[in-house]
Amino acid sequence: MTIIRAAIVQTNWTGDKESMIKAHEYYARQAAAQGTRVICFQELFYGPYFCQVQDSAYYEYAESIPGPTTERFQALAAELGMVMILPMYEQEQPGVLYNTAAVVDADGKYLGKYRKNHIPQVKGFWEKFYFRPGNLGYPVFDTAVGKVGVYICYDRHFPEGWRALGLNGAQIVFNPSATSRGLSAYLWQLEQPASAVANEYFIGAINRTGIEPLGDNDFYGTSYFVDPEGKFVGDVGDAHNPELIVRDLDLDLLATVRDRWQFYRDRRPDAYGELVQP
């Protein structure tokens, strides 16, 4: 059996960037002590979810990727022997900003990044004020634990990217999020299990917790891993409190499910032309 011990982190805003980074370093060390080999943090992990307001002061949270925070966690990844997915605010150049996740291998090597492709602009989620749409496609990274993909928050409502990640070979896809109880809770335990089944891989779904000073969005946690049969791997995370969630993922299940359901064999890309028409 090929068992990968994986972790996800849901937490609340501590009040400043450095304390958030230190908190996540601590979570990573806790995970490593439990034998974790891959970990993913929540969306925009070192800051508040500032998209609740439209204020250019929050542009200062953006940094280059790779850059100082990436390099800090590269050193930690190498020390712990752990693959890390780091969702951050990226500045490619002044005025060109993205919602991005860096991927670091277990030896500390920077493997690349995913930029969030689908950008919302609704009350409490004013993301078009802060981010350009992603332009790097749907990369899958060949890591020490297998082939890892990333999809970020609002992306999850769009099935095309889930499928692209599967076609690119993903075995585990992480979806770091900041999602509010009043808006999307009814979708949270529906969409990602369905996408795991349709695309036949594991998904780690991460959501932050708490109500932040910038608005009344109630981030409801309940982070989880789901397997390619649509079953939760262990319990779903707490609905209110920070939590480190560590689970064992049996990658052998991927072959079992793909042999049972030939979704990739039976798909009809020749018949889907209308899906890519503007």
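The tour goes from an annotated domain to one threonine and then to a cavity.

The model is predicted, with local features needing pLDDT of at least 70 and side-chain atom pairs counting only at pLDDT 80 or more, while totals for chains, interfaces and linings use all residues. Residues are numbered from 1 along each chain as its sequence is written, and side-chain values use heavy atoms, with hydrogens and water left out.

Select residues 4-251, the range that an unreviewed UniProt entry annotates as "domain: CN hydrolase"; such annotations may be inferred rather than shown by experiment. Over this range the chain is 23% helix and 31% strand, and its end C-alpha atoms lie 7 Å apart (helices, H or I, of at least four residues and strands, E, of at least two are DSSP runs, numbered from the N terminus).

Next, select Thr143, which belongs to strand S8, residues 140-143. Is Thr143 buried or exposed? Thr143 counts as buried because its relative accessibility is 9%, where buried means under 20%, exposed over 50% and partly exposed in between, using a 1.4 Å probe and protein chains only. Show the side chain of Thr143, and you will find that it reaches the backbone oxygen of Gly146 at 2.7 Å and the backbone nitrogen of Val145 at 3.1 Å. Leaving aside residues up to four places away in sequence, Thr143 touches Val83, Val103, Asp105, Leu111 and Val148, contact meaning heavy atoms within 4.5 Å.

Finally, select Leu44, Phe45, Tyr46, Gly47, Phe50, Tyr61, Met88 and Tyr89, which line the largest cavity (on a 1 Å grid over the protein atoms alone, a set of points where a 1.4 Å probe fits but cannot get out, with lining residues having an atom within 4 Å of a point).

Definitions and conventions: On a 1 Å grid over the protein atoms alone, a cavity is a set of points where a 1.4 Å probe fits but cannot get out, and a pocket is an open set with protein on both sides within 12 Å along at least five of seven lines; lining residues have an atom within 4 Å of a point. A polar contact is a pair of N or O atoms within 3.5 Å; within protein, one must be able to donate a hydrogen and the other to accept it, and residues adjacent in sequence count only if both atoms are side-chain atoms.
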